[in-house]
Amino acid sequence: MKKFTVISLAFLLSGCYGVGSQRLDHDQLDYSQALIGSSKQQTLLNVVRLRYADTPGFLDTTQLISGYQLQRNISIGVGSDSNPLRPAGAIGAQIQESPTFTFQPVTGDAYAQSFLRPLPPGSLLPLAMGGLPIDILFRLSVQAVNLINNVGAIGGDVGRGSPEFFELIYDLRRLQIAGLLGIQLEHSEEIPGKTPAFDRVFLTVSSTTDPILSKIVQATRRFFEMGPKDERVEVIYGAGRPQHGQIRLLTRTMLGVLGQIAYQIDVPQEDIDSGRTLPKVILIGRNTKPTVFVHVSDERPRSSFVEIKYNKKFYYISDTDFSSKLGFTMLQILMELSKTTKNPGAVLTIPVNG
């Protein structure tokens, strides 16, 4: 009987040591989904806030620690007065979780660097070569290419943009699908006392024997003022007429990107009539539907990709709208791309006891 008791005790003790490994996969997935979900909600909420000229706010989760405490109580006897052949004892175990979240408000220099600095072309364009549609990327993050303008956030006659802009990105997307569009990065070393190290960005438009695509190639090269046989042109930041062999790309700040989506929301007419917000931006040109459709409802949606509640109404992106989900996901990628690594200012740490 004593042998049976020792074996049982060893089995129970060995089972307790598997807690950490058993919780790893479960916690990693759960916390990852929670962080992504909260990030999506924060982004959508700031988009809606901008639609109503409300102040946006950003709070980053900088650290997440989930600790476990295992308490075990074991007592074993060899028998009892009533039945000396029956072992007596008690075994108890309790697991206590103590997660801690650290939040950092994005303010000061970090705010300026992340949301008020134009997105650099050298970081932006390689996203298209990673598979992101270049037309959506340009609609979100580019305000002007050479002398043609994308639609502005404030709308009106000035903010409607140039129809040629939408024709250009439509052709660039067709070339991208056909594999005729490329991005090249070249790193220039520092010249002591003269110039610092910097990266150069080149856009390539390859030739093809396909008669339809060949026309698009020639039209794109003419727009960029390339020679009939030129396949590469340098991309630099700025607006206006470029020099020969260059493209001027005026990129937006992240606040500009968020504002562009904000003013495409088709808000209730009563909010426009009351002066709480402006009419949405009217787009002119080919395939100019909003990049992201944000719906408004008095009732909570049954199926949504992301939803938030603002001023007693629900704003959401439909889970069945793939184009809007893609545009919003690209917005999230741009948000991550814009983040800075500056030292944190005020940090808020919240221990959670459950």
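Among the contacts in this chain between residues at least 6 apart in sequence, 64% join residues at least 24 apart, where contact means heavy atoms within 4.5 Å. The model is a predicted one, in which local features need pLDDT of at least 70 and side-chain atom pairs count only at pLDDT 80 or more, while totals for chains, interfaces and linings use all residues. Residues are numbered from 1 along each chain as its sequence is written, and side-chain values use heavy atoms, with hydrogens and water left out.

The chain has twelve helices and twelve strands, these being DSSP runs numbered from the N terminus (H or I of at least four residues for helices, E of at least two for strands). Of its 354 residues, 38% are buried; buried stands for under 20% relative accessible area, exposed for over 50%, and partly exposed for what lies in between, with a 1.4 Å probe and protein chains only.

Helix α6 (residues 134-141) is largely enclosed by the rest of the structure, because eight of its eight residues are buried. The buried residues of α6 include Asp135 and Arg139 as well as Ile134, Ile136, Leu137, Phe138 and Leu140.

The contact is made by Met254, Val257, Leu258 and Ile261 on the side of α10, and by Leu331, Leu334, Met335 and Ser338 on the side of α12. Of the residues in this contact, seven are nonpolar, one is polar and none is charged, if Ala, Val, Leu, Ile, Met, Phe, Trp, Tyr, Cys and Pro count as nonpolar, Asp, Glu, Lys and Arg as charged, and the others, Gly among them, as polar.

Charged side chains come to the fore in the salt bridges, of which a search of the whole structure finds eight; each is a side-chain nitrogen of Lys or Arg within 4 Å of a carboxyl oxygen of Asp or Glu. One of them joins Arg232 and Glu186 at 2.8 Å, N to O, and this pair links distant parts of the chain, with Arg232 in strand β7 (residues 232-237) and Glu186 in strand β5 (residues 181-188), 46 residues apart. Arg232 is partly exposed at 38% relative accessibility, and Glu186 is partly exposed at 31%.

Another salt bridge brings together Glu225 and Arg241 at 3.6 Å, N to O. Glu225 lies in the loop between α9 (211-223) and β7, and Arg241 in the loop between β7 and β8 (246-251), so the pair ties together parts that are 16 residues apart in sequence. Here Glu225 is partly exposed at 39%, while Arg241 is exposed at 58%. In the salt bridge of Lys325 with Asp319, at 3.4 Å, N to O, Lys325 is buried at 19% and Asp319 partly exposed at 33%.

Lys313, in strand β11 (residues 313-318), is also buried, at 16% relative accessibility. Leaving aside neighbours within four places in sequence, Lys313 is in contact with Pro268, Glu270, Val296, Ser297, Asp298 and Ile308.
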